Each structure stands twice: as structure tokens, then as C-alpha cells.
Amino acid sequence: MLICPKCQKPLYFTDKAFQCENKHNYDVARQGYVNLLLGSQRMSGDSKEMVHARTHFLEQGFYEPLQNKLCELLERYAHACCVDLGCGEGYYTRAIAKLCEQCYGVDMSKEALKYASVHDKKTQYVLASIFHCPLASESFDAALNIFAPLPESEILRLLKDKGVLIRVIPAERHLYEFKQRLYEQVYENEVDRIDNKQLKLMEEVRIEKSIHLLDAQTIYSLFQMTPYYWKTPKAAAEKLKSLSELETTIAFVIQIYEKNA
Ligand SMILES: C[S@@+](CC[C@H](N)C(=O)[O-])C[C@H]1O[C@@H](n2cnc3c(N)ncnc32)[C@H](O)[C@@H]1O
Ligand SMILES: [Zn+2]
């Protein structure tokens, strides 16, 4: 299922490394992920700081309803072979991997994949761009794309005919009260749909609930997971550090698309 990023031939596992018939060789890291990024590709995945923040937040179970719902949905569709595109530290990947025969997680952040591959030995984690996936065409029953950039043409290439894309994006009210702590004027998120004849929307599922954060570190970790971390003026970000409690809405949209050739 893995293909060589240099010559696109299949890769085979040979004692601690992957190799193609042209003898291009890719070592598997101590933690278990394989680096298939070519030297010319710039690494631009999430930093160590962002990965630690996300791990600290997610491991407390605040997004567990989403993790459970994704497993429940995936069970209804063909899921023998799955790929998580932009898998981060594998919080959702390792849950869905339990349902699949083969599972791959692709991300450009080495720090995220170190964590992911230590905590999940079933999935093969791959350091690569999701816009140039070193994975064989038309070989996946399901692709997941959760809070990550959408590589539409790669998804179409990777999925089998009638394979499904499970996409998760923030719903309108996601983190609304949290944003009110940062900005004077707060807008709801825009929810879009993929406009592509080959991807038919089969189902849209929404999850909305309230979470109660009870310490400053967790509130700041949530902040570091969001795009607001980059956009917020320093003074507002500093003010957030003094908050010791916060109740906020979490709201997700899960869209399931079927690929039609
Ligand atoms: C907001 S995080 C979501 C991670 C995970 N899906 C989750 O929800 O916990 C977005 C992820 O996409 C990855 N990413 C962004 N651009 C990428 C690219 N071009 N190729 C591979 N990964 C990318 C980042 O490194 C990061 O781990
Ligand atoms: Zn090769």
C-alpha cells in the first residue's frame, strides 16, 4: 500500500526499513513511523509546542464524543483499509484502527508522529505531505480528514470506487464562549461542503455539547490547538492565562462523502 516517493513503485518492509524494487530505502524510526518526505519537501506540520498542547487537552477526554461517533459511523461503511490524512498525534486514528484490518496515518509533523506511533502499534504512521501521499491509488475503503487541510484530488486518487471520505470541521458555535474571552466581536464559524461531482454527500452528523475546563493550563492548551493562537494579539492571549475556569460549547460537523468514479 505504501509507494516510493521517488519512483512510485510499491514499498516492501525488509527488516527495519521500507524498500522499493529500485533499492530506494526508507528507515523506520525507533518510534515506528516511516519518513517518506523527500529532501526537497519542506516540513511544515505542527510544532512540538502545539503537539504537546493538543495531547494535553485531548487525553483528558473532552473530544471523546467525537472519537466515539467516528467509530460508530465508520462501522457502517466499508472500513477494511483506512487512512487518516492529517492525523496529528493519532487521537482519532488509534480508535478507528481497532476497527480496520489496515490503517495508515499521514502527517507532516514529526513530533506528532512520534507520539502517534508510540501509542498505536497497529497503524503505520507516515511522515509525508497529505497533498502528495506516498500511498497506492484506489486502495482505501475510507479516508478521514479531521480538522486538517483538505487534499481533495489526493482523496479521489486514494479511495476505491464507492469508498468514503469522513471529514470533520468545526460547526458554527464551536468554542463560541471561548472566543468571547479573546475578541470583542465574535463570529460564528462558516460550515462549507465539498463541491465535487465525484464526492456525493451521504450523511451529515452534528455533535454539540458544553465542556467545563477547570484549570488554566487546559484552557491555554485548547487555545494553542486553535488557529486563534496565531491571530490573537498578545495582550488578549496573556489575559487568557489568568482564567482558571471556562465553560464553552464544542460543536462539530461530520460529513460523509462517497466517491463515485
Ligand atoms: C489541527 S491538526 C488536527 C490533527 C488531528 N486530525 C486531530 O484532530 O487531532 C492539523 C494537522 O494537519 C497537519 N498538516 C497540516 N498541513 C499538512 C500537510 N500539508 N501535510 C501533512 N500534514 C499536514 C498538521 O501537522 C497537524 O497535525
Ligand atoms: Zn523507489
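There are zero disulfides in this structure, a disulfide being a pair of cysteine sulfur atoms within 2.5 Å. This is a predicted model, where local features need pLDDT of at least 70 and side-chain atom pairs pLDDT 80 or more, while totals for chains, interfaces and linings use all residues. Residues are numbered from 1 along each chain as written, chains are lettered from A and ligands numbered from 1 in written order, and side-chain values use heavy atoms, without hydrogens or water.

Back to the cysteines. The C71 sulfur has its closest cysteine sulfur in C100, and at 8.7 Å that is too far for a bond. C71 is buried, at 16% relative accessible area; buried means under 20%, with a 1.4 Å probe and protein chains only. For C81, the closest cysteine sulfur is in C82, 6.9 Å away, again too far for a bond. C81 is also buried, at 6%.

Now the ligand. Ligand 1 is surrounded by 20 residues, the closest being D46, G86, D107, I130 and I146; the cut-off is a heavy atom within 4 Å. By class, that shell has eleven nonpolar, five polar and four charged residues. Asp, Glu, Lys and Arg count as charged, Ala, Val, Leu, Ile, Met, Phe, Trp, Tyr, Cys and Pro as nonpolar, and the others, Gly among them, as polar.

Which atoms of I130 and M108 lie by a nitrogen atom of ligand 1? For I130 it is a polar backbone atom, at 3.0 Å. For M108 it is a backbone N or O atom, at 3.2 Å. On the side-chain side, a polar atom of R54 lies 3.4 Å from an oxygen atom of ligand 1. The protein covers 88% of the 600 Å² of accessible area that ligand 1 has on its own, by the Shrake-Rupley method with a 1.4 Å probe.

Technical notes:
Buried means under 20% relative accessible area, exposed over 50%, partly exposed in between (1.4 Å probe, protein chains only). A polar contact is a pair of N or O atoms within 3.5 Å; within protein, one must be able to donate a hydrogen and the other to accept it, and residues adjacent in sequence count only if both atoms are side-chain atoms.
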